[in-house]
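Colleague: I am new to this structure and would like a close look at one part of it. Please start with the overall build of that part and then go on to its details.

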Amino acid sequence: MLAKRIIPCLDVKEGRVVKGINFEGLKDAGDPVEIAEVYDRAGADELVFLDITASHEKRKIMIDVVKKTAEKCFMPLTVGGGISSLEDIRELLKSGADKVSINTPVVKNPQFVKEASSMFGSQCIVVAIDAKRVCEGKWQIYINGGRTPARRDAVEWALEVEKLGAGEILLTSMDSDGTKNGYDIELTGKISSAVRIPVIASGGAGTCEHILKVLTDGMADAALAASIFHYREIEIEEVKDYLKKHGVCVRN
Amino acid sequence: MSKIVILDYGMGNLRSVQKALEKYGASVVLSSHPEEIKAMAALVVPGVGSFDDCIRNLKRNNLDRTITEFISSGRPFLGICLGLHILFEGSEEGREKGLGIFKGKVLRFSPILKVPHMGWNSLEFTASGKKCEILKDIKDGEYFYFVHSYYVKPEDKSIIATTTDYDVEFTSSVCSKNIFACQFHPEKSQKAGLKLIENFVKYTQKART
């Protein structure tokens, strides 16, 4: 049976992991490659690097990070942030990334998904959706890292990107993100049942129970979390044991 | 040192396959030239993109014949994902004919399922899978990483090495003489995947001596 995935996410700025991390035995707590190795050993099912580098010139650093990671970690790697052209995608895939996650450029030009998926295959095109609740049962999408409302309904948008050839959706609830109060189960459930492509839920993970809930009630195919894993509030192994105990299929 | 060649389509992530092979001491080259490929000890065909694009690409460069000849020479062959699909006669994904090394077709998952079938799923070994050298020391039920929308259905059931359950019980790898081809991505399957890669490198070294 297909296992539900647990995905740690690393925010990387100019080649350095943002937020201090205290893993034992690390030579350099800010080195994304070293942290990726730790997650690899811990049994993470995939890894996401989110490049939050502001300046365009320094984006090249990410290519180097991906190359070094791919030499040491033999696990699926997704890279998001700052991708705006087919050339960017090609370069990342060539460096060792398996998927790229794209948000703003897709909203501005939906054909970009079509072009990218027909060129590289749907399987490597993840569309990131940042959604914020506007009223009961309605969510609007945001671009530019959550700064700009795009005035589009999140569920409709998810259906559209699926049709355009997205292979997966990385769904972040802006209301839950950073709260540690749990994922937005309603939003995740709505989108996950609307589309026939996998959905990764993001935003709000604080406990094992939150993850269980989004994978069961929220029907997500994967759960992404950043700070609970970074700060070692919960270990990946602990999450998997908890899920298994509650009847969710996970990889040992 | 025997050289392993990875067929280069100029697309997708070949780096992980290369690095995994190198980890076990293989000397690896990437190539799309028939003459160069012919001289190598083993051939790896990873696959990304669509079936028709792939076949057309191969035909344009005469690589379809190169693969077929390489395989019939008895040297080790490893196909991954689309590298498994092209060995069959044709695919529901397109109109082009496959290489036809194995009889059977490539089918699409039912529309009621989430497609692509993406993530970690387990392998169930067949009797021939248990004897397959490339799967040595990998335990029945082990999880591997999958990303695909189509799966192969061989006519000759004896080539099936493992099956996997995604609503349907599909063929997740085949093993026949010098050919091993899998639907999952060993280069992305952490420890279990690396074991498979190591077995392939060892098999290549043995085939040389």
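Modeller: In this predicted model, chain B has a radius of gyration of 16 Å, which agrees with the value near 17 Å that a compact globule of 209 residues would have; the radius is taken over C-alpha atoms, and the globule rule is 2.2 Å times the number of residues to the power 0.38. The C-alpha trace of chain B spans about 45 × 40 × 30 Å along its principal axes. Local features need pLDDT of at least 70 and side-chain atom pairs count only at pLDDT 80 or more, while totals for chains, interfaces and linings use all residues. Residues are numbered from 1 along each chain as its sequence is written, chains are lettered from A and ligands numbered from 1 in the order in which they are written, and side-chain values use heavy atoms, with hydrogens and water left out.

Chain B holds seven helices and 13 strands, where helices (H or I, at least four residues) and strands (E, at least two) are DSSP runs numbered from the N terminus. Of its 209 residues, 62% are buried, a word that stands for under 20% relative accessible area, with exposed meaning over 50% and partly exposed in between (1.4 Å probe, protein chains only). If one takes the contacts in chain B (heavy atoms within 4.5 Å) between residues at least 6 apart in sequence, 70% of them join residues at least 24 apart.

Turning to the helices, helix 1 of chain B covers residues 15-23, and seven of these nine residues are buried, so this helix is largely enclosed by the rest of the structure. The buried residues are Arg15(B), Ser16(B), Val17(B), Gln18(B), Lys19(B), Ala20(B) and Leu21(B). Just after helix 1 of chain B comes Gly25(B), which takes a positive phi of about 85°.

Helix 2 of chain B (residues 34-38) includes Lys38(B), which counts as partly exposed because its relative accessibility is 37%. Leaving aside residues up to four places away in sequence, Lys38(B) touches Glu69(B) and Arg75(B). Lys38(B) is also 9.3 Å from Val5(B), C-alpha to C-alpha, although 33 residues separate the two in sequence.

Helix 4 of chain B (residues 63-72) is where Thr66(B) sits, and this residue counts as buried because its relative accessibility is 4%. With residues up to four places away in sequence again not counted, Thr66(B) touches Pro34(B) and Ile37(B).

Two loops of chain B also deserve a careful look. In the loop between strand 6 (104-108) and strand 7 (117-122) of chain B lies Pro116(B), and the peptide bond that joins Val115(B) to Pro116(B) is cis, with omega at about 5°. In the loop between strand 11 (160-166) and strand 12 (168-176) of chain B one finds Asp167(B), whose phi is near 70°, a positive value in a residue other than glycine. Asp167(B) has 57% relative accessibility and therefore counts as exposed, whereas Thr66(B), as described above, counts as buried.
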